[in-house]
Amino acid sequence: MPIILPYDDDGIRRAAEELRAGGVVAFATETVYGLGADTFNAEAVRRIYELKGRPMENPLIAHVIDAVSAKSLVTEWDHRCDKLASRFWPGPLTMILPRRETVPIESVAGLGTIAVRSPMHPLARSLLYCFGGPISAPSANRSGHVSPTTAQHVAEDFADAEHLLVLDGGLADFGIESTVVDLTGATATVLRPGTVTIDQLRRALGRAHAIVGSEQGISPGTAPVHYAPRRPASVVTTADLAEELAAPGPVAAVLCFSPSSVPSPHQSIVMPQDPEGYARRLYQALREADQVAVERIVIEEPPEREGIWIAIHDRIARAARSTGER
Ligand code: TXA
Ligand code: MG
């Protein structure tokens, strides 16, 4: 099993040393846990892909302590970047920008651009500070699986990675991955919705700058089968839930808003009704649903579709596109 380290000075020092030695470490961020390596160490970055089983064409996010560090990785940084960084950094927003030649191609999957994000979790910030440079990190799950929101989730996904250090920062506060916005063109494009909403981005950029939603863009890593539990999952509206669960069929774990809507032998996993709470709980609930004695997962569709709910609908749709055990 991996080694889970508590978040203290000693843990941070050990993890930073591991990064300096060309190793890979898992660490908490406010969104999901990351699996990090030195952005400038191509060999170390390659090890992340090996560990995750991640396709080599899926680029990584470089985590930075601040905008100054981000600028050292990119060739363009305009007024939009200043506005977004001052409003949302540190925090769950990732910006795609043209990269410098000095960034190893391994860290960006051969692209001419790089994703940069300054996380706000104190643990991630301590690690960045102690390490002293950018840390490239995807979510710390096996490729295709649900992202981890606790250190235990990471340890479960990498159970056979004997010496992997996992810095434990508790349950990730936001619970779903950062909003990814592509700023390489005149029109900013949201490639992945998140808890920083498109309305917030619009307000921060002002009317002078065009921005479009995720329907228009696609990240290399946002392929349909992603963020998926192991069991087959489906999304069902509240109106259809009773009929779905009354019909003879495999026993389900149901992510629902009210336990009274789930007849036995199905099992309910009650979800918060506010979008922040729902997002924080979602991946943990999907992992729980994979562990109870059921054959499938049913997700009650949240009725709302504004703000953070957009990102939640995106993630549950991906979970439901899974083909089951992989
Ligand atoms: O919240 C998060 O973003 C977490 C934490 C650890 O920071 N990280 C995360 O990383 O979710 P990952 O690798 O699971 O997702 C990164 C997404 C992928 O969809 C990837 O394709 C996209 O960002 N991405 C990275 N670099 C890109 C680039 N240069 N151009 C377009 N998309 C990029
Ligand atoms: Mg991921």
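Predicted model: local features only at pLDDT ≥ 70, side-chain atom pairs only at ≥ 80, totals over all residues.
Colleague: What makes the chain as compact as a globular protein of its length?

Modeller: The secondary structure of the chain comes to 10 helices and 15 strands. Its radius of gyration is 20 Å, and the globule rule gives 20 Å for 326 residues, so the chain is as compact as a globular protein of that length. Along the principal axes, the C-alpha trace spans about 60 × 50 × 30 Å.

Colleague: How many of the residues are buried, and what does that word require?

Modeller: A residue is called buried if its relative accessible area is under 20%. Buried residues make up 56% of the 326 residues in the chain.

Colleague: What share of the contacts joins residues 24 or more positions apart?

Modeller: A contact requires heavy atoms within 4.5 Å. Among the contacts with a separation of 6 or more, 68% are between residues 24 or more positions apart.

Colleague: What is known of the accessible surface and of the charges?

Modeller: The accessible surface comes to about 13400 Å², and carbon and sulfur atoms hold 53% of that area.

Colleague: Why is the peptide bond between Trp89 and Pro90 called cis?

Modeller: Omega of this bond is about -10 degrees, and the bond is cis. Pro90 lies in the loop between α4 (79–88) and β5 (93–98). Most peptide bonds are trans.

Colleague: Where is Pro265, and what is the omega of the bond from Ser264 to Pro265?

Modeller: That bond is also cis, with omega near 10 degrees. Pro265 is found in the loop between β13 (252–256) and β14 (267–270).

Colleague: Which domains does the assignment give, and how many residues of each take part in the contact?

Modeller: The domain assignment gives domain 1 (3–210) and domain 2 (233–319). Their contact takes 24 residues from domain 1 and 14 residues from domain 2. The C-alpha centres of domain 1 and domain 2 lie 28 Å apart.

Technical notes:
Residues numbered from 1 in each chain as written. Chains lettered and ligands numbered in written order. Heavy atoms only, no water. Helix = DSSP H or I, 4+ residues; strand = E, 2+ residues; numbered from the N terminus. Rg over C-alpha atoms; globule rule 2.2 N^0.38 Å. Buried < 20%, exposed > 50% of the residue type's maximum accessible area, 1.4 Å probe, protein only. Areas by Shrake-Rupley, 256 points an atom, 1.4 Å probe, with all protein chains shown as cover. Domains from an automatic or database assignment.
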